Amino acid sequence: MTRSVWSRIDHLQPLLVGMLAVLGLMTIFSAHADWPRQVLWIALGVAAYCAAAAFDYTRLRRLAVALYAGMLLLLVAVHLVGRTALGARRWLSVGGFPLEPSELSKLLLVLVLAAYLSRLERLSWRALGGALLLVAPPAYLILTQPDLGTTIVFVAVLVGMLFLAGARPWQLGSLAAVALLALPLMPHLLHGYQRRRLEIFLNPAQDPLGAGYNLLQARIAVGAGGLFGQGWLHGLQGQLGFVPERATDFVFAIFAEEFGLLGCLVLLAIFGALMIRLLRSAAVAPDRFGELVVGGVFVMLFAQVVENVGMNIGVLPIAGIPLPLISYGGSATITTLAGLGVVQSVMLHRRFVSHREEMSGNRVVLLAD
Amino acid sequence: MVIVVAGLAVKLAQMQVSEGSALAGLARANTVHRIVLEAERGIIYDRHGSALVENSPVWTLEVVPAALPRDAISRAKELAQLARITGQPEDQLATSLAATDPYAPVHIGANLDEAHYLAINELLPQLTGASMTQHAIRTYADPLVFGHVLGYVGPLNDADVQRLRPLGYQPDEVVGKVGVEAGFEAQLRGTDGWADVEVDARGQIVRTVVTKPAVPGHAVYLSVDAVLQRGTAQSLAAGLQRDGKTAGASVVIDPRTGEVLAMVSLPGYDTNLFTRGISRADYAKLLADPDRPMLNRAIAGQYPPGSTFKMVTATAALQEGKITPQTLLGCPSYIDVGGWIYHNWASYNLGYMNVAKALALSCDTFFYQVAAMVGDVTLARYARAFGFGQAKDIEMPGVEAGLVPDRIWKEIQCGVPDLNSDACRWSLGDTLTFGIGQSYLLTTPLNQAVYVAALANQGEVLKPTLLHEVRDASGAVIETQHTQVAGKVPASTIALEAAREGMREEINLPYNMNYWFRAAGVPADGGGKTGTAQWGGSGLDLPTHAWFLFFAPYAASEIAMSVFVEGGGTAEVQAAPIGVDIMKFYNANQAAIRTQ
């Protein structure tokens, strides 16, 4: 079977990614953020995308231990020499550019978990425990930065990938039960402000100027968008700085104010289409590792979109999570694009393991495998 | 996945469509604020256009609580800095900033002068949410001279708010409280404008959406002549000082028009203290001052007129046919009425004289006889015709009427059930002392000036006014003073002329009043009358008040004045020289004062 590179890759995926990047740039421009820099991030991200796509993903599996070690190293480095901003130590300065290892670690975790889970015949309790042990150290390092948002993404990726790896529902159920039992310990683990955010999420009006401010202003902005929006660059709330973190965590509120419900539905449709493309890619993945990597990228992005949009409209508590490809930020943008590049690599490198694809065809094998 | 995304979409639709307009309203309330554009208050000028007040710039420091730093440390730091700048305790500041509407600016420092403004302005970039707004504050020229005329403006009190709300006053506005600031409030106050502005999260104005410009108040040109006002104040102050007195008043009027050319009440006080918010200590000091500096004696000081009233008695007697200009009556040192002795000021008999001579010599016993002939009811009627007992309709609040007594008044006010008691029943003695301006009679320096102007003016009682003209902001005249005749004394020319003749003789008697005129080099061409008024009841040995009324020239008079010295002693010695001095000043500064 000699298919060309062109016929093997997913054509629609880069198109959807491009649409998201353009909408993201427009919104960032409107939010008075440093949009030329975001163009640079996207350019770097596209380079990472291409490199990741060209790189044979199967070799990543062999690099898993090194990737895991590198991830821990970065996260430890943050704790030791990281820069502090807004009360959290999250950034490393790399050649003058701020690098946020916790963003990078989302993708690294996907790769490491995929490598670990793909070697297992079946998901025994032991294997489950192994996965937990694998995730615990980086998750702890991130939670104590503190970065609740990324920790939530970690948990989502873990649960999602365990599910893809064939965990039984009762296995996940008992995991959830253990988590519930551990809940009383949470107040000790969470920082004061994180606890406060949870309380505010439950009752945003209790402190409209303090902790509830972000949520309230974002909700006002989203609501002010109405059906058709205030128009690009014409959102009052966003333009006048009432929406906090308007280029990053709350960029969706800016988008919603300016483009309205119709714009939001279009944006969600693009994300939805991208998600469907990822599921399709997972379905045609030539091996278990590839399938788990694509599935992991899917979970990583889906969790971030849902949490970010959810917190912007007040149905989920606030946690610092960017909206993939829309929010301003180098580490997040490059990580997202690199992750999507790895997905293309899985598509591109199918010929080396093509017999498997011929056996399964294009049928959706997500759950059956 | 589909369910989750659909859930988000439904929630979005609910927020943006069903709650959309409510949330959009909140967004507008967040971002669009209406600010008041203060109308500049009109300037008050004298009749020749010299400004008596200016609007000086002051600054208010205000803070939008919603725009303060949100993290606790920088917030506390900023509060500490604001507390230091404004000199307010920090906890008090925190309380006032915890207002109900976090987007409404809270004033934390008011009436800051330019030096303060410049100092704070430098710090402003570090003070998130703080801003300074400029407004105008009244600064009065020479408050000790003009203060009682101009009055002052002040913040609305509760009663004002009730009264002025329908006129569109805002609770933080100022309103004229006393003087012409109050009297011409309607003309001086402009109409505030407003602007809808977009502000950003820090409270900084980004853009103006709609503007309705403010309309400045009108300029009021007073009838007062600043030069003559200063001269009058100087003459009065010098006269008071000469005799160790502290309080007095003088009103100078143009007898042709009723325009008040000068109105002085001493002591004065610093009205500028009030515009910047007077301190408790300063206010207590003003209230405790025994000379009552805040009392405008020219309009609100009520005193018996004493002998200055005798022209009324004379006019009444002549007009009622009780005497003629030629009738001769005696001027003994006292008369005995049913066992009660009524004294003249002289302890010897001055002989027979006509009414003019009796006025010139101010013979009390002559006028006791005349008053008895006229009777109290008729006398009261003539007194009212000359404007006694009437609160003049002049452009400032607090004008007192004085009092014209008669038997009905006495019965009403006596407060004793027995109507035949001395406190209730009008006696002949009351009539006699009424005839020489005593008994219960009270008048004010303003009423006296109107009265002497009427004598200068063939009996025309004019409505006194402080208005010359009103101009709008572009300088166009929109209101001019019109002479209004309030009434005509029902007396013939012969009767009035006899009274006037008495006043001319008084200032021309050699060795008497004429001395002051000759000493000052002022021609005694006019008419004058002194009055030394007893007060506080006969049993008390209080110093008498001194009056001097004067008009000039005798024919075609152009100036009429009343001079009053509280506790002044003898009028010829205390009040008359002040009047002569004012006249001297007037003559010397004719060119500057020229009233028409």
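Is B:Val563 buried or exposed, and how many other C-beta atoms lie within 10 Å?

Analyst: The model is a predicted one. In it, B:Val563 has 35 other C-beta atoms within 10 Å. A residue counts as buried if 20 or more such atoms lie within that distance, and B:Val563 is therefore buried.

The residue belongs to strand E21 of chain B, which covers residues 559-565. Leaving aside residues up to four places away in sequence, B:Val563 touches B:Ser250, B:Trp547, B:Phe548, B:Ala575, B:Ile578 and B:Gly579. A further pairing in space concerns B:Leu236: its C-alpha atom is 8.1 Å from that of B:Val563, although 327 residues separate the two in sequence.

Two of the residues that B:Val563 touches, B:Trp547 and B:Phe548, have numbers that fall in strand E20 of chain B, residues 545-552. E20(B) runs antiparallel to strand E19 of chain B, residues 527-533, and seven bridges join the two. Within this pairing, B:Thr532 has B:Ala546 of E20(B) as its bridge partner. E19(B) is itself mostly covered, for seven of its seven residues are buried. In a regular strand, side chains alternate between the two faces of the sheet. In E19(B), B:Gly527, B:Lys529, B:Gly531 and B:Ala533 point one way, while B:Gly528, B:Thr530 and B:Thr532 point the other way. Residues on both sides of E19(B) are buried, the charged B:Lys529 among them.

Chain B also contains separate open sheets. One has three strands in the order E4-E3-E5, with antiparallel pairing. Its edge strands are E4 (106-112) and E5 (130-140) of chain B, each of which pairs on one side only. On average, and with direction ignored, neighbouring strands of this sheet are turned by 25° against each other. Strand E3 of chain B, residues 53-63, pairs with E5(B) in the antiparallel sense over 11 bridges, and B:Glu62 has B:Ser131 in E5(B) as its bridge partner. Helix H3 of chain B, residues 72-86, packs on this sheet and touches E3, E4 and E5 of chain B. The direction of H3(B) makes about 30° with that of E4(B).

Another open sheet of chain B has four strands in the order E2-E10-E16-E17, and its pairing is mixed. Strands E2 (44-45) and E17 (477-480) of chain B stand at its edges with a single partner strand each, so one side of each is left without a neighbour in the sheet. Strand E16 of chain B, residues 467-471, pairs with E17(B) in the antiparallel sense over three bridges. B:Glu469 stands opposite B:Thr480 in E17(B).

Among contacts in chain A between residues at least 6 apart in sequence, 72% join residues at least 24 apart.

The contact between the chains takes 31 residues from chain A and 29 residues from chain B. On the side of chain A that touches chain B, helices H12 (213-225), H13 (236-239), H14 (251-283) and H15 (288-312) of chain A each supply at least two residues. By class, this side has 21 nonpolar, nine polar and one charged residues.

Some of these helices also pack within chain A. Two packed helices are described by the angle between their axes and the distance between the axes. H12(A) and H14(A) pack at an angle of about 15°, with their axes 6 Å apart; they are therefore roughly parallel to each other. The crossing of H12(A) with H14(A) is right-handed. Residues that meet there include A:Ala218, A:Ala221 and A:Val222 in H12(A) and A:Ile254, A:Phe259 and A:Leu261 in H14(A). This contact has nine nonpolar, two polar and two charged residues.

H15(A) packs with helix H6 of chain A, residues 101-118: their axes come within 8 Å and cross at roughly 145°. H6(A) passes H15(A) in a right-handed crossing. Among the residues that make the contact are A:Val110, A:Leu113 and A:Leu117 of H6(A), and A:Phe289, A:Leu292 and A:Met300 of H15(A). The residues of this contact divide into 11 nonpolar, two polar and two charged.

Terms used. Residues are numbered from 1 along each chain as its sequence is written. Chains are lettered from A and ligands numbered from 1 in the order in which they are written. This is a predicted model: local features need pLDDT of at least 70, side-chain atom pairs count only at pLDDT 80 or more; totals for chains, interfaces and linings use all residues. Two residues are in contact if their C-beta atoms, placed from the backbone, lie within 7 Å. A residue is buried if 20 or more other C-beta atoms lie within 10 Å of its own, exposed if 12 or fewer, and partly exposed in between; C-beta atoms are placed from the backbone. Axes are lines fitted to C-alpha atoms, for helices over the stretch in contact, and angles run from 0 to 180 degrees between N-to-C directions. A crossing is left-handed if the near helix is turned anticlockwise from the far one by less than a right angle, and right-handed if clockwise. Angles under 35 degrees count as roughly parallel, over 145 as roughly antiparallel, 65 to 115 as roughly perpendicular and the rest as oblique. Two strands pair if DSSP finds at least two bridges between them.
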